[in-house]
Every structure is written in C-alpha cells, then in structure tokens.
Amino acid sequence: MNENLFASFITPTMMGLPIVVAIIMFPSILFPSSKRLINNRLHSFQHWLIKLIIKQMMLIHTPKGRTWALMIVSLIMFIGSTNLLGLLPHTFTPTTQLSMNLSMAIPLWAGAVITGFRYKLKSSLAHFLPQGTPISLIPMLIIIETISLFIQPMALAVRLTANITAGHLLMHLIGGATLVLMNISPPTATITFIILLLLTVLEFAVALIQAYVFTLLVSLYLHDNT
C-alpha cells in the first residue's frame with residue numbers, strides 16, 4: 001500500500017509530451033452529428049436529451065439569456081461525458097484538475113457578469129447594496145458582496161474538483177483494501193467488493209449530478225444578469 005494515492009491525477013504524457021488536450025477533446029467524438037434524413041436510435045436519444053436540457057435550463061431565462069443555450073448544452077454534455085469516461089479503468093479525469101475547472105468557471109462567470117453590467121447596470125449594482133441597508137453597514141456590506149461575487153467562480157471549480165476527486169480516491173482506497181483482503185479474509189474481501197460496486201454506481205450518479213449542478217449554477221448566474 002505504498003502506492004501514491006494521487007498518482008492517477010497526474011497529467012498523462014506520451015513520449016514526454018502531455019496528451020491531456022487529446023483526452024479533453026475525446027468526449028466530443030461520442031456525440032457525432034448525423035446527415036441522414038431518418039436518424040437512428042442513438043441520434044434520436046441525443047436530440048431528445050439536448051431538447052430536455054434546453055427546456056430545463058432555459059425555462060427561466062429571457063430571450064437574451066436564451067442565446068446562451070448552445071453553450072449551456074455543450075457545457076453539461078462535455079462535463080458529464082468527461083466525468084463518466086474518467087470512471088473507466090486506466091483513464092484520466094480532466095475534471096479532477098482545479099486548473100481546468102477554473103478555466104471553465106472564470107470565463108463563464110465573467111461573461112455573465114459583463115453581460116449584466118452591460119445590459120442591466122442598475123440592477124447589477126443594486127446587488128451590492130440591498131434596499132433598506134443602514135448607513136453604518138453600507139461599507140462593510142459592499143465589501144462582503146464584492147467578495148462573494150468574485151468567489152463565485154472559485155466555488156464552482158472547487159465544488160466540481162472536490163466531489164470528483166473524493167469519489168476517485170475513495171474508490172481507489174476501497175479497491176486497494178479489497179485486493180489486500182483477498183489473501184487475508186475472503187469473506188471480508190467479498191463485503192468490501194460489494195461496497196466498491198455500490199460506490200461505483202454512486203459515482204456514476206455523482207458524475208452526472210455534478211455536471212448538472214455546475215451548469216445549473218452558471219445558468220443561474222446568467223439569469224441574474226440578463
């Protein structure tokens with residue numbers, strides 16, 4: 001058990017060159033576009049899923065916010081497929097890297113905030129100072145609201161990173177314990193293996209839920225600024 005627990009989170013390389021870009025682009029292959037007049041079941045399911053996501057995410061948005069529909073759908077499908085592929089053996093999960101999650105969260109958050117300041121300047125500034133605030137609390141409240149605004153992308157990225165990383169570490173620990181217990185106590189190893197299977201099913205659900213939560217929060221930030 002001297003193996004480094006975080007070895008699976010190291011960026012993979014080939015011939016000394018990082019191949020994380022190819023890994024990030026790989027999930028897009030799973031969503032091909034069809035040029036046929038009649039789609040097969042896979043494409044029909046893909047179109048149904050996209051329509052369901054658009055209906056769920058764009059229900060509360062104004063016409064200006066709905067222009068982000070393509071970006072929202074692409075984001076949730078990318079994060080969801082990346083998380084699911086990362087559960088396969090001997091794979092790498094890019095969403096366990098805080099740098100990548102920040103590179104998604106910061107531009108999306110900044111785009112929503114800039115949109116708000118451009119089209120709803122008074123409403124955006126009003127968030128920093130709620131109506132009826134005592135005069136003595138105005139400076140402190142403005143500072144708190146400003147910090148909470150700038151911490152939003154960090155919260156997005158850290159939430160996704162922590163949930164995916166914690167699940168992978170727990171699976172790694174239970175899997176290693178199962179291998180060790182096979183030679184010591186087979187009945188106990190059987191129990192830990194069952195726990196590992198149940199945890200794997202839970203991680204599949206977490207992979208999809210975290211993709212939904214990340215995208216939903218981006219959608220809510222957009223809704224507040226359009």
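**Fold, helix packing and core of a predicted chain**

From the N terminus on, the elements of the chain run β-β-α-α-α-α-α-α-α-α, giving 8 helices and 2 strands (DSSP runs numbered from the N terminus, helices being H or I with at least four residues and strands E with at least two). The model is a predicted one, in which local features need pLDDT of at least 70 and side-chain atom pairs count only at pLDDT 80 or more, while totals for chains, interfaces and linings use all residues. Residues are numbered from 1 along each chain as its sequence is written, and side-chain values use heavy atoms, with hydrogens and water left out.

Turning to the chain as a whole, buried residues make up 35% of its 226 residues (buried means under 20% relative accessible area, exposed over 50% and partly exposed in between, with a 1.4 Å probe and protein chains only). The chain exposes about 14300 Å², of which carbon and sulfur atoms supply 74%; this area comes from the Shrake-Rupley method with a 1.4 Å probe. Among contacts (heavy atoms within 4.5 Å) with a separation of 6 or more, 71% join residues 24 or more positions apart.

A helix pair comes next. Helix H2 (residues 41–57) packs against helix H3 (residues 69–85) at an angle of about 115 degrees, and their axes are 10 Å apart. Here the axes are lines fitted to C-alpha atoms over the stretch in contact, and angles run from 0 to 180 degrees between N-to-C directions. On the H2 side, Gln-46, Ile-50, Ile-53, Ile-54 and Met-57 meet Ile-72, Val-73, Ile-76 and Met-77 of H3.

The largest nonpolar core holds 31 residues, and Leu-75, Ile-79, Met-104, Leu-156, Phe-214 and Val-218 touch the most other members. Such a core is a set of buried Ala, Val, Leu, Ile, Met, Phe, Trp, Tyr and Cys residues joined through side-chain atoms within 4.5 Å. H2, H3, helix H4 (98–119), helix H7 (152–184) and helix H8 (186–224) each supply at least two residues of this core, with H4 giving the most, 8 residues. A second, separate core of 5 residues includes Leu-87, Ile-174, Leu-196 and Leu-199. Back in the largest core, Ile-79 touches Thr-95, Met-104, Leu-160, Ala-211 and Phe-214, not counting residues up to four places away in sequence.

Finally, Tyr-221 lies in helix H8 and counts as buried because its relative accessibility is 15%. Leaving aside neighbours within four places in sequence, Tyr-221 is in contact with Trp-109, Ala-112, Gln-152 and Leu-156. Tyr-221 and Gly-111 are 110 residues apart in sequence, yet 9.7 Å apart in space, C-alpha to C-alpha.
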